[in-house]
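Subject: Structure handover

Hi,

Here is the structure I promised to pass on. Please open it alongside this email; my notes follow below.

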Amino acid sequence: GYPQREIQRAAYEYQRQVESGQRVVVGVNAYRMEEEPEVDFLRVDERVQREQIDRLERLKRQRSARAVQQALEQVKTCAASGQNLMPAFIDAVKAYATLGEICGVLREIFGEYREPHFQ
């Protein structure tokens, strides 16, 4: 836990300096804009969303399930053995494996990072 404690300590000290004005952060504690600009958020139309889902489902029906499975197994083998993953990624994409499927295989091998909770 030493590295995490040091990161937390440094972050606390940095924030304390910003809030006291000892450290200047443009736009946060100095040279702030009087009026915040209005942000135009991207809103995806439900029709467009449905069309994209339909395209993905059609792709999955039309692709070779066997080729995808073989490509994902190759990704898994390379990940487990520490080999260069890029050629396996390229083959998986050429077989029309989705990003979610590829990441799922990587999660099986490497797991998923979870921030530790310190008391």
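At what angle do helix α3 and helix α5 pack, and how far apart are their axes? Keep in mind that this is a predicted model. The angle between α3 (residues 65–81) and α5 (residues 99–110) is about 35 degrees, and the axes lie 9 Å apart. The crossing of α3 past α5 is right-handed. On the α3 side, the contact is made by V68, L72, V75, K76, A79 and A80. On the α5 side, E101, I102, V105, L106, E108, I109 and F110 take part. By class, the contact residues are 10 nonpolar, three charged and no polar.

L72 contacts A97, E101, I102 and V105, leaving aside neighbours within four places in sequence. E108 sits in α5 and is exposed, because its relative accessible area of 52% is over 50%.

Next, the core. The largest nonpolar core has 14 residues. Those touching the most other members are L72, V75, L85, A92, A97, I102 and L106. Helices α3, α4 (86–94) and α5 each give two or more residues to this core. The biggest share comes from α3, with six residues. In soluble globular proteins, nonpolar side chains tend to be buried together.

Now the charges. Side chains of opposite charge can pair when their charged atoms come close. There are seven salt bridges in the model. Here are three of them:

- R47 and E51 form a salt bridge at 2.9 Å, N to O. They are four residues apart in helix α2 (residues 46–62), so about one helical turn separates them. R47 is exposed at 52% relative accessible area, whereas E51 is partly exposed at 40%.
- R50 and D54 form a salt bridge, with the closest N and O atoms 2.8 Å apart. These two are also four residues apart in α2, about one helical turn. R50 is partly exposed at 41%, and D54 is partly exposed at 31%.
- E57 and R50 form a salt bridge, with the closest N and O atoms 3.7 Å apart. E57 is partly exposed at 38%. Shared partners join R50, D54 and E57 into one network of salt bridges.

Q17 touches Q22 and R23, not counting residues up to four places away in sequence.

Best wishes

Note on methods:
Residues are numbered from 1 along each chain as its sequence is written. This is a predicted model: local features need pLDDT of at least 70, side-chain atom pairs count only at pLDDT 80 or more; totals for chains, interfaces and linings use all residues. Side-chain values use heavy atoms; hydrogens and water are left out. Axes are lines fitted to C-alpha atoms, for helices over the stretch in contact, and angles run from 0 to 180 degrees between N-to-C directions. A crossing is left-handed if the near helix is turned anticlockwise from the far one by less than a right angle, and right-handed if clockwise. Contact means heavy atoms within 4.5 Å. Ala, Val, Leu, Ile, Met, Phe, Trp, Tyr, Cys and Pro count as nonpolar, Asp, Glu, Lys and Arg as charged, and the others, Gly among them, as polar. A nonpolar core is a set of buried Ala, Val, Leu, Ile, Met, Phe, Trp, Tyr and Cys residues joined through side-chain atoms within 4.5 Å. Buried means under 20% relative accessible area, exposed over 50%, partly exposed in between (1.4 Å probe, protein chains only). A salt bridge is a side-chain nitrogen of Lys or Arg within 4 Å of a carboxyl oxygen of Asp or Glu.
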